[in-house]
Amino acid sequence: MSARTVSALLAIFLLAGAWAAPALAESYEPVYSGQVENGYTVESNGLFVSFRIVNGSLTAHVSGPDYPSEDANISAGHTYYYDSILRVYVDSINGSRAFVSVEKASRSTGGTSVRCDVPGQTALGGDVVSFPIIIQNNDESDHVYTLESYNDIGWKTWFEYENKGVYKISVPASQPRTVNLMVQTWSNTPVGEKKVWAYVGDIRVEVFVDITSANKTADVSAKVTSKIAYIGDRISYDMSIHNLQAGENHYKLAVAGLPDNWYARFKESASSAEEVDEVVVPASSVKDLVLEVVPPYSVAPGDYNFTAVVTGPDGLNVYRNLTLTLKSSGGMSVTASRLAYNARPGETFKIDLYVSNGGQGAALTNVYVETTAPEGWMVQASPEKVNSIKAGGSQVFTLSIQPPGNIVASDYEVIAKVKCDQAESQKDFRITVQTESYIPYIGGAIIVVVAAGLFLIYRKYGRR
C-alpha cells in the first residue's frame, strides 16, 4: 500500500472522528472574550473561528489545515462545541456586533476539572452577576476544595451553594458540584469589560463582566407598597435605602404625586417625631426609614398613587411607587335612655334609639334598624331607613312595640340591631309584661258573702 493511500485513509478516519457526536472536554481555558464584528476571526492552536453577523444572526465558521470546516448558527445565550477541542459562547447580539467567548480544551489538574459555561455576561453598574462554576471530581475519592476569587476593581465577590455563602465545597468521587460565583458590581464602574478570577483549589477560571452602562447609586425598597386604611388614619410605609456604592453617600428625600392638601414626611423610625429630608448612608449599607402619609378628612374614598423619590449625590433619582386605598371611616354609636321597660298585654309602648356618627370625614350610609322579638309581637321602626348620617351628626329611631293581648306575664327580650354600610351595633332590651290581678276582688267578695251569712244566721237564731 502506497504512502499516499495510507495518508488518504488516515485523513478519512480523522474526518470521521471530527464529524462524530462531540465528546465534551473536562475543562476549558479562555482564548478570547469580548466584542466581535462581522468578519472578525479568532485563532487557537491551528483552528480559526470567523464570525458572520447579518441582521442580528450570528454564524461561527470553524476551519483549519488539519480540521474539517463547520458552520454553526449560534443564538444569544447559547454555546457551540466543536468536537472536544473548542467551544464558543454567544452572550448577546446587537446588530452587526456581538459579545462572545472562545475557549479551548485543557487537561484537568490533579484529577479535577473546573469550567464555567457562561464566562462572559453583560450587566449594568450596580447589578449582581452570578457565574455557575462546575467542579468535576474525576478521582475515586472525595475531595474538599477551597474557593477563592479576586478582581482588580474592588467589586465584592463570594461563592454560594444552595443559596448559602460558602468558602469550601465537598465533591464526592467521580461526581460534579456547581457553585455560583457572585459578583457585586459598583454603580460607578466605568463602561467596559472587567475580569474576575475564581480559584477552586489551585485551578483558575476566568470570567468576564461587560458593564454596558452606569446604574443607580441606590436601591429603594418598601416592605409593603400597597396599603388599605380609613379616612383620618396616619399611614406608614416601612422603607429602606441601600447604598450600592463603595463610599458614603447623602440622599435627599421627597414624595411626588400626592393630591392637594395631603401631608407626608420621612422619619427615622415609627416612634420618632422628627421629620428628615436627607439621610447619610455608609458604603454598601442599608438605612431604614418610615414614610408617614396623612390624607385630609375631606378626602373621598378610593385608590391613590404616589411616589417616594430618593436623589443620589450624582443627581439621579430612584423611585418607589406606592399605593393607598382609603375607605370610609364612619364611627357609629347607638344609645338608649334605658334597657328595661314595663308593658301590658295588647298595649303599645315606644323605645327611642339614638344613632350617632362619631367618625371623621365620612358619613354613615343606608342606616336602618333590624329587630328580633318573641313570636306574635309587633315591632315597627320609624323612620324605616336613613340615607346618611354625616360625621358628627345623629338620628333618632323610634321603635313602636306591641305584645300580644293574651300573653303571659313574664320577662321577654327584644333585640335591636342598627346597621349601615360601614358598621353595625346591637342593643338588647328586657321587657317585663304585667297583667291585671283579680285576687283582691275575689277575696273581698268572699268576705262580703261570709259576713252576710253570719248576719242572716244571727237574725234567725240569735233571739232564741
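In the protein chain, 63% of the contacts with a separation of 6 or more are between residues 24 or more positions apart; a contact here means heavy atoms within 4.5 Å. The model is predicted, so to speak of local features a pLDDT of at least 70 is needed, side-chain atom pairs count only at pLDDT 80 or more, and totals for chains, interfaces and linings use all residues. Residues are numbered from 1 along each chain as its sequence is written, and side-chain values use heavy atoms, with hydrogens and water left out.

**View 1. The whole chain.** The protein chain has two helices and 36 strands; these are DSSP runs, numbered from the N terminus, with helices being H or I of at least four residues and strands E of at least two. Of its 464 residues, 37% are buried. Buried stands for under 20% relative accessible area, exposed for over 50%, and partly exposed for values in between (1.4 Å probe, protein chains only). The chain exposes about 25500 Å², and carbon and sulfur atoms supply 50% of that area. Accessible areas come from the Shrake-Rupley method with a 1.4 Å probe, and for residues only the protein chains shown count as cover.

**View 2. The largest nonpolar core.** This core has 29 residues, and Tyr-237, Met-239, Ile-241 and Leu-291 touch the most other members. The elements giving it two or more residues are β19 (218–222), β21 (235–243), β22 (249–256), β23, β24 (278–281), β25 (286–294), β26 (302–311) and β27 (317–327). A nonpolar core is a set of buried Ala, Val, Leu, Ile, Met, Phe, Trp, Tyr and Cys residues joined through side-chain atoms within 4.5 Å. Leaving aside residues up to four places away in sequence, the contacts of Ile-241 include Tyr-251, Leu-253, Val-279, Val-281, Leu-289 and Val-310.

**View 3. Val-196 and a second core.** A second, separate core of 27 residues includes Ile-133, Val-205, Val-207 and Val-209. Val-196 lies in strand β17 (residues 192–200) and is buried because its relative accessibility is 0%. Beyond residues up to four places away in sequence, Val-196 touches several residues, among them Tyr-150, Trp-155, Leu-181, Val-205 and Val-207. Val-196 and Trp-155 are 41 residues apart along the chain, yet their C-alpha atoms are separated by 9.1 Å.

**View 4. Arg-265 in strand β23.** Look for Arg-265 within residues 263–267, which form strand β23. Its relative accessibility is 16%, so Arg-265 counts as buried. The Arg-265 side chain reaches the backbone oxygen of Ala-273 at 3.2 Å.

**View 5. Salt bridges.** The structure holds 13 salt bridges, each a side-chain nitrogen of Lys or Arg within 4 Å of a carboxyl oxygen of Asp or Glu. Glu-268 and Lys-287 meet through their side chains at 3.9 Å, N to O. This pair links distant parts of the chain, with Glu-268 in the loop between β23 and β24 and Lys-287 in strand β25, 19 residues apart. Shared partners join Arg-87, Glu-103, Arg-115 and Asp-117 into one network of salt bridges. Arg-204 pairs with Glu-206, their closest N and O atoms being 3.2 Å apart. Arg-204 is partly exposed because its relative accessibility is 47%, whereas Glu-206, at 13%, is buried.

View 6. Most residues other than glycine have a negative phi, and most peptide bonds are trans. Ser-382 and Pro-383 are joined by a cis peptide bond, with omega about -5°, and Pro-383 is in the loop between β32 (378–382) and β33 (385–389). Asn-55, which is not a glycine, has a positive phi of about 55°. Asn-55 sits in the loop between β3 (47–54) and β4 (57–64), and its 80% relative accessibility makes it exposed. Ser-284 has a positive phi near 55° and lies in the loop between β24 and β25.

**View 7. A nonpolar surface patch.** Ile-446, Val-450 and Leu-454 make a nonpolar surface patch of about 290 Å². Patches are made of residues with over 30% relative accessible area and no salt bridge, with like charges joined within 9 Å and nonpolar side chains (Val, Leu, Ile, Met, Phe, Trp, Tyr) within 5 Å. Val-450 is in helix α2 (residues 439–461) and counts as partly exposed, at 47% relative accessibility.

Conventions
Polar contact = N/O pair within 3.5 Å; in protein donor to acceptor, adjacent residues only side chain to side chain.
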